[in-house]
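Reader: Please take one part of this model, the nonpolar core and the strands around it, and go through it closely. I would like the cut-offs stated along the way.

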Amino acid sequence: MTLKIIVKGKAEGEVLVAKKPINFLGAVDKKTGKIRDKNHDLFGKSLAGKILVFPFGVGSSVGAYTIYSLKSNKCAPHAMICLKADLTTASGCALANIPLVMASKEDYNSIKDGKKISLDAETGKIL
Amino acid sequence: MLDLTKEEEAALKGERGETLALAYRILVAIGEATNADHLLPIEWAHLSGINYNTIGDAGEEFLSNLSKDTKFKVKTTVNPMGFDFDTVSKYGVDEEFITKQRSIKNSYEKMGAIPSFSCIPYEIFELPKKGTHVSFAESNAAIYANSISNLKTNKEGAFSALASALTGKSPDSDLRKDESRNPNLTIRMSVDQKDELTYGMLGYFAGKVAGSSVAISGVKELDRRSCKSLCAGMGTSGTCGMFTLSDTKGETIDFDKKEMQKIHDELNTTDSGDIITLGSPQLGLEEISSLAGMLKGKVFKKRCMVFCPRAIQEQARHLGYASDIERAGGELLYDCCICLTPLIDKREVDGVVTNSVKGAYYLRTSNGVDVNLKSISQIVQEETK
């Protein structure tokens with residue numbers, strides 16, 4: 001597996017796969033960690049404690065503060081895995097100190113929803 | 001992979017405190033995401049994320065915590081906020097907004113920011129020598145710095161510029177590298193009418209179609225007003241961070257009347273407005289002086305808000321331009337600009353007349369009001385008596 005490390009760290013949790021990109025500012029409730037955008041495939045689901053697997057972030061760069069708030073409110077994902085590291089997600093994970101890696105298309109597609117995994121974003125491995 | 005020095009590595013690990021660890025985490029994350037191979041020193045950071053309307057409660061809390069034991073390492077200037085504290089009491093702005101805005105202002109000042117509250121740092125501060133790396137988060141300022149001021153910056157975000165202010169460093173990627181500064185697309189200016197509004201729309205068009213750098217042909221010279229308008233338009237619609245007035249060997253596309261009409265139709269949503277706003281980007285002394293001259297013997301038929309930096313307002317007052325504009329019914333506002341100010345409220349205003357393409361975009365999307373786009377000469381002709 002070839003992972004590019006954007007924010008270092010180690011984390012464990014259940015995989016939550018989003019099909020659509022995530023607009024952190026608009027679509028995520030920062031108090032609960034739930035997706036509140038009715039048009040998103042994760043609508044109603046909580047990101048709290050999950051290994052969030054999603055294509056990339058979209059929308060205002062202020063969304064980085066939402067990621068920081070999720071962490072302060074103890075409902076942030078334990079780690080994130082994306083296809084393309086956009087600057088909002090990268091800054092937000094750096095602010096909140098949440099491990100973030102970029103996966104190649106093939107590796108990204110091999111990560112299954114609901115599976116419990118352990119991400120080592122120091123060496124770039126998924127166990 | 002980003003190669004860090006021993007010192008940078010130690011700071012990232014937290015050996016120089018949690019704040020520097022955070023700042024380096026941001027630089028490393030952005031550096032990895034933009035394929036930089038090292039960090040380089042910058043001399044000046046210009047920060048966005050000052051207005052409470054843009055950063056909200058989470059931003060306010062974050063900055064309040066950060067400012068407890070942190071100082072900026074390099075010269076740091078800041079973007080406009082929501083209003084100026086001298087006159088805000090006249091406007092009926094929400095108390096909570098005022099309290100939160102004050103906290104944000106205090107946090108930045110405590111960390112050592114120069115309280116410029118301006119989006120035109122390139123016009124009010126002395127510039128470092130040619131080729132100096134800076135980190136400008138305000139989009140019009142980044143484009144102006146790269147294209148006109150001979151400085152080098154990426155179109156930074158609020159967090160990359162903040163991390164630069166805390167460390168004096170930035171990832172060496174994109175427009176910091178000479179090869180990325182060469183445009184591979186030329187836009188030919190094919191519209192005859194050349195005023196600041198046309199250039200604003202040209203910029204907005206260029207931002208949509210160009211990569212990180214673009215060439216513009218068919219323009220011999222640009223006055224300051226048109227140039228600022230071009231930079232602001234370009235910064236609003238895309239990721240392009242630089243233009244040059246030249247041709248390139250690559251692809252050429254025309255900006256003609258038809259393309260201009262499309263942009264106009266997108267941004268102009270009404271034929272009239274209740275108020276006039278000038279100043280996104282904020283007006284510099286040249287533009288204030290020119291406006292005062294245009295208004296001789298005239299009075300605005302409706303309220304006209306004129307946004308400029310505090311320092312320019314003081315000079316304009318000293319030189320008599322402020323009283324000329326006020327005599328004509330204009331209001332000079334400072335420390336804020338058209339974009340995202342709570343002073344323009346859709347409960348009181350349906351439509352706004354402006355010559356600013358950037359202002360038009362944010363008035364519609366953030367303030368939720370309609371916009372009537374007109375050039376400054378058209379505004380003076382049609383909106384005064």
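Author: The largest nonpolar core has 162 residues, and those with the most contacts inside it are Ile6(A), Cys93(A) and Ala29(B). Its largest share, ten residues, comes from helix α2 (residues 18-33) of chain B. A nonpolar core here is a set of buried Ala, Val, Leu, Ile, Met, Phe, Trp, Tyr and Cys residues joined through C-beta atoms within 7 Å. A residue counts as buried if 20 or more other C-beta atoms lie within 10 Å of its own, as exposed if 12 or fewer do, and as partly exposed in between, with C-beta atoms placed from the backbone. Helices (H or I, at least four residues) and strands (E, at least two) are DSSP runs, numbered from the N terminus.

This is a predicted model, in which local features need pLDDT of at least 70 and side-chain atom pairs count only at pLDDT 80 or more, while totals for chains, interfaces and linings use all residues. Residues are numbered from 1 along each chain as its sequence is written, and chains are lettered from A and ligands numbered from 1 in the order in which they are written.

Leaving out residues up to four places away in sequence, Cys93(A) touches Ile6(A), Val7(A), Ile67(A), Met80(A), Ile98(A), Leu100(A) and Ala29(B). Contact means that the C-beta atoms of two residues, placed from the backbone, lie within 7 Å. Leu100(A) belongs to strand β5 (residues 100-103) of chain A. Leu100(A) is buried because 29 other C-beta atoms lie within 10 Å. The C-alpha atoms of Leu100(A) and Ala11(A) are separated by 10.0 Å, although the two residues are 89 apart along the chain.

Next come the strands of chain A. From strand β3 (residues 51-54), Ile51(A) and Val53(A) point one way and Leu52(A) and Phe54(A) the other, and all are buried. In a regular strand the side chains alternate between the two faces of the sheet. Strand β2 (residues 10-17) of chain A pairs with β3(A) in the parallel sense over three bridges; pairing requires that DSSP finds at least two bridges between the strands. Val53(A) in β3(A) is the bridge partner of Val17(A). β3(A) also pairs in the parallel sense with strand β4 (residues 79-82) of chain A, over four bridges, and there Ile51(A) stands opposite Ala79(A).
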